[in-house]
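Subject: Structure handover

Hello,

Here is the structure for you to look through. My notes follow below.

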Amino acid sequence: MNHLGEVVIRRQKEKLIEIVRKFVNRGQPYIIMNFPSNKDPGHHANWLGLSMVLREVTGRLPVLTGSTAQSIDEIKSTPGDAPIFICGWTNFGDVRTGRDDVRYRLMWKYPDRTIIQMPQTIHFANESLKEYAKRTIGRHRNFFCMTRDGQSFELAKANFDCDVEAGPDTAFGMEALKPFEADPLRVLYVMQPLGEEDVDIAKARAIVDGPLTNWVNGPNSLSRMRKSSVVKSALRHGFSRTEIMAQHREDVAARYVDHGVKILSGAQRIITNHLHGHILCLLLNKPHIAVASEESNLHAFIGSQTGYSPLVEKATNSSELLAAMSRLPYEMGGTWYKSSKPMNLNTTIPVPDLVPHPSIV
């Protein structure tokens with residue numbers, strides 16, 4: 001069956017590789033910081049995709065991974081030419097971390113290191129946090145900031161004294177995913193609790209019923225160190241503690257991604273207000289609707305990065321959701337249909353390029 005997200009996925013992965021190659025070459029040591037502190041499959045998809053792209057470019061595991069104060073201190077014992085990549089699973093400017101944000105701690109402690117913030121959303125809860133970020137970034141002088149949506153790009157470009165570039169979410173580094181065997185399900189709602197950017201879809205759910213999940217709490221057992229991670233690392237790299245931990249974290253991320261994929265696998269159509277619900281649907285070749293307010297970061301991301309895939313439709317209220325449902329493609333007998341007509345999947349049809357943004361080079 002043709003993958004309707006193939007062009008999007010390929011172009012996003014190519015862009016990620018292009019970004020990474022500006023900072024590391026084959027065999028060069030590197031560091032990945034900001035390992036997800038929760039059990040959200042989408043956040044772990046960020047880590048796994050970034051890990052896979054860096055390993056593909058360098059041919060090696062990172063010399064250090066982590067996010068704690070201890071792991072930040074351990075950076076001083078790593079090679080000086082090892083750039084620090086910050087995984088972008090959290091919002092930059094999140095009020096819950098404030099001035100204790102891992103980015104600030106890294107910039108203050110390692111003023112001479114190259115630090116790359118991989119693509120993420122930027123949003124500050126207040127002006128004081130934004131001013132603190134501006135001062136810290138301006139002082140460092142070797143910080144590179146990547147954003148994954150137009151609103152964040154404009155904010156960073158206007159306020160940060162550093163090189164700024166827009167790029168894909170690192171989850172695209174995983175490339176296309178295969179669904180698990182699962183009982184068929186007509187519609188699945190993957191919804192986080194309503195926030196200021198979200199819309200109430202209760203009326204739509206009354207008409208198009210289906211189970212609802214927030215999907216962010218996978219089993220604690222997925223985080224445990226397993227013998228397979230130790231063996232895998234030992235066979236490739238010996239019994240280095242840092243490389244065993246790097247392999248362990250990559251394996252944990254893969255388990256949580258699999259947990260999310262299992263939830264999505266049986267659904268024929270998915271309705272979500274999660275950014276990574278949208279991204280994993282693309283990777284899984286799942287038709288879906290992204291529900292959010294008109295000016296949301298989710299819709300901005302789709303508009304600039306992924307909206308040319310026929311797998312996704314946008315909606316801002318229950319009425320639009322129901323109309324979008326009728327526009328989604330569906331598969332029957334190995335053929336994709338839209339509005340009861342077979343889709344023309346000729347790969348020679350030109351597809352719009354990603355929205356260009358200034359390069360950091």
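How are helix 2 and helix 9 oriented to each other? They are oblique, a term for angles that are not under 35 degrees (roughly parallel), over 145 (roughly antiparallel) or 65 to 115 (roughly perpendicular).

First, the basis. This is a predicted model, in which local features need pLDDT of at least 70, side-chain atom pairs count only at pLDDT 80 or more, and totals for chains, interfaces and linings use all residues. Residues are numbered from 1 along each chain as its sequence is written, and side-chain values use heavy atoms, with hydrogens and water left out.

Helix 2 and helix 9

Helix 2 (residues 41-58) packs on helix 9 (residues 241-265) at about 130°, with the axes 8 Å apart. Axes are lines fitted to C-alpha atoms, for helices over the stretch in contact, and angles run from 0 to 180 degrees between N-to-C directions. Helices (H or I, at least four residues) and strands (E, at least two) are DSSP runs, numbered from the N terminus. The crossing is left-handed, meaning the near helix is turned anticlockwise from the far one by less than a right angle. From helix 2, the residues in contact (heavy atoms within 4.5 Å) include W47, L48 and R55. Their partners in helix 9 include R249, E250 and Y256. The contact residues divide into 9 nonpolar, 4 polar and 3 charged. Nonpolar covers Ala, Val, Leu, Ile, Met, Phe, Trp, Tyr, Cys and Pro; charged covers Asp, Glu, Lys and Arg; the others, Gly among them, are polar.

Helix 4 and helix 5

Helix 4 (residues 102-109) and helix 5 (residues 127-140) pack at about 30°, with axes 9 Å apart. That makes helix 4 roughly parallel to helix 5. This crossing of helix 4 and helix 5 is also left-handed. Y104, M107 and W108 in helix 4 meet residues of helix 5, including L129, Y132 and I137.

Buried means under 20% relative accessible area, with a 1.4 Å probe and protein chains only. Beyond four places in sequence, F172 touches residues including V8, L16, L283 and F301.

In helix 11 (residues 297-306), 8 of the 10 residues are buried, so the helix is largely enclosed by the rest of the structure. F301 is one of the buried residues. Helix 1 (6-20) and helix 10 (275-284) are among the elements they pack against.

Best wishes

Key: Buried < 20%, exposed > 50% of the residue type's maximum accessible area, 1.4 Å probe, protein only.
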